[in-house]
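Subject: A structure for you to look at

Hello,

Here is the structure I promised to hand over. Please open it alongside this email, and then read on for what turned up in it.

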Amino acid sequence: MSGGAVLAALGTAACGPDGNNSSPAAGSSSSPGTVSAPPASGVLAANVNQALEKIDYAELQAVSGTWIRGFYLMSNADQGNPATQTGFAKLLQAAAHGYGTVLTTKFQYQNRPIPTPGSPAMTTALARLDKVLAATMGKVDILTIGNEPFFETSKTDRETPRINTFYEALALHTAQYRQKHFGANCKTKIYMGALTALYRPGAETAQTRRWMTFTAHTPSIAGVDIHPHVPGPAAAKKYLDYVLPFLRSDQRFLATEFSLVQLWKQHMSDAVNPAFARSHGIAKGTPVWQVIKDATQRPFDEQEWNDFLLSNTWYADNKNFLADQMERFRSTGKLAVAAYGITQASAMPKDFGPNSTPWVLNSMFCPYVCKPEPSGLPGRNRTWCRQFRALQHYRA
């Protein structure tokens, strides 16, 4: 289904009380029914980021979601078997009930040197990885080596081959584990973690080129992930222009995070729309960030939240972003899975201000700035929610 077709379908694929076919969630948020997820070809998944414990089956049902993506902080493997940890176990539960699943492994080395082969730190990293592999291999559909490696590594390490050496070792170790324990028919595909900020000058480096060359030349790797959080729709094209020429004919790409959050951030100090301010008793000239922060203390109802969003021209002008971007991804014929944020992972920071990154404007469900709906679900962003649901009708 093209972006235009998605938009035409919104009248019959509405999400929540604003559409003709409102579909309140049924059943328990913690007990999944059995679903039949489509193959990983042009799929749009629900992204829970690190909040695996917040996988909510009622929310997924409300948006017709059958694929889930989240990431796991690898140091948590020091606390025991990942499979018994609440969030991780919930992802495995979803996989067992037919949901498509993408798990991203997040290694944090921003404030310490990245491990080198043969070092005690490398032994620790591989031990953590083995725990995750034992819990996931043959169960999840896609395992990604690294979350945002070029953000989660020190400047010194990401500007040298050390970043490549470390992540290449992890990827090859994962492939060897899969071959040893499951053989060639294992359902779990291995992808390299996400390239980030490729729209910025200087983001394409010798290390990113080696990242892609390794991906292309390693038969056990199914492709690469990208995270286009961008300041405008056109900027996402830079990611595709960069990675696609490297990929083999049998490889695909993931886009397990993408949004216009960098655009939203540019407008946090803008004054709230005067008409919206008048109708809601907000002082003229109040900045957008203050309205969002105040909503954490006095939540909007769903209608008010959506009125607020669409009263901002910079938001309303991009209200078709989700459908349009998925059309761009799918038109390449190389998309495996993209993922979009389904809910706020945590409460808004108390110091939210004009320079904060407004992730809340991406979320489909907004429990920390919206009152709950009569169905029991959080208030939702109807713009993204309706498009997400319509986009589930795509079949490659």
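A question to start with: which way do Ile142, Leu143, Thr144 and Ile145 point from β4, and are they buried or exposed? Ile142 and Thr144 point one way, Leu143 and Ile145 point the other way, and all of them are buried. In a regular strand the side chains alternate between the two faces of the sheet. Buried here stands for under 20% relative accessible area, exposed for over 50%, and partly exposed for what is in between (1.4 Å probe, protein chains only).

Before going further, please note that this is a predicted model, in which local features need pLDDT of at least 70, side-chain atom pairs count only at pLDDT 80 or more, and totals for chains, interfaces and linings use all residues. Residues are numbered from 1 along each chain as its sequence is written, and side-chain values use heavy atoms, with hydrogens and water left out.

**The chain as a whole**

The secondary structure comes to 15 helices and eight strands. Both are DSSP runs numbered from the N terminus: helices are H or I with at least four residues, strands are E with at least two. With 396 residues, a compact globule would have a radius of gyration near 21 Å, and the chain agrees with this at 21 Å. That radius is taken over C-alpha atoms, and the globule rule is 2.2 Å times the number of residues to the power 0.38. Along the principal axes, the C-alpha atoms fill a box of roughly 65 × 45 × 40 Å.

Of the 396 residues, 55% count as buried. The accessible surface comes to about 15900 Å², and 51% of it belongs to carbon and sulfur atoms. These areas come from the Shrake-Rupley method with a 1.4 Å probe, and for residues only the protein chains shown count as cover. Contact means heavy atoms within 4.5 Å. Among contacts between residues at least 6 apart in sequence, 78% join residues at least 24 apart.

**The barrel**

The eight strands close into a barrel in the order β1-β2-β3-β4-β5-β6-β7-β8, with parallel pairing. Neighbouring strands of this sheet are turned by 30° against each other on average, direction ignored. Two strands pair if DSSP finds at least two bridges between them. Strand β1 (residues 43–49) and strand β2 (residues 67–73) run parallel and are joined by three bridges. Asn47 has Arg69 as its bridge partner in β2.

Helix α4 (residues 120–136) packs on the sheet and touches β2, β3 (100–106) and β4 (142–145), its direction making about 175° with that of β3. Helix α15 (residues 382–391) packs on the sheet too, touching β1 and β8 (335–341), at about 135° to the direction of β1. For these angles, axes are lines fitted to C-alpha atoms, for helices over the stretch in contact, and values run from 0 to 180 degrees between N-to-C directions.

Six of the seven residues of β2 are buried, so this strand is largely enclosed by the rest of the structure. Further along, four bridges join β3 to β4, which run parallel, and Val102 stands opposite Ile142 in β4.

**Helix α6**

How far apart are the end C-alpha atoms of helix α6 (residues 162–181)? They are 29 Å apart, which agrees with the 28 Å that its 20 residues should span at 1.5 Å a residue; the expected span is 1.5 Å times one less than the number of residues. Its buried residues include Phe166, Tyr167, Leu170 and Tyr177. The buried residues of α6 pack against α4, β4, α5 (155–158), β5 (189–196), α7 (206–217) and β6 (221–227). Just after α6, Gly183 takes a positive phi of about 75°.

**A few residues in loops**

Ser64 is not a glycine, yet its phi is positive at about 60°. Ser64 lies in the loop between α2 (57–62) and β2 and is partly exposed, with a relative accessible area of 30%. Ala197 is not a glycine either, and has a positive phi of about 55°. Ala197 is found in the loop between β5 and α7, and counts as buried at 8% relative accessibility.

Tyr99, in the loop between α3 (86–96) and β3, counts as buried at 5% relative accessibility. Not counting residues up to four places away in sequence, Tyr99 touches residues including Pro32, Tyr57, Trp67 and Asp141.

Enjoy exploring!

Best wishes
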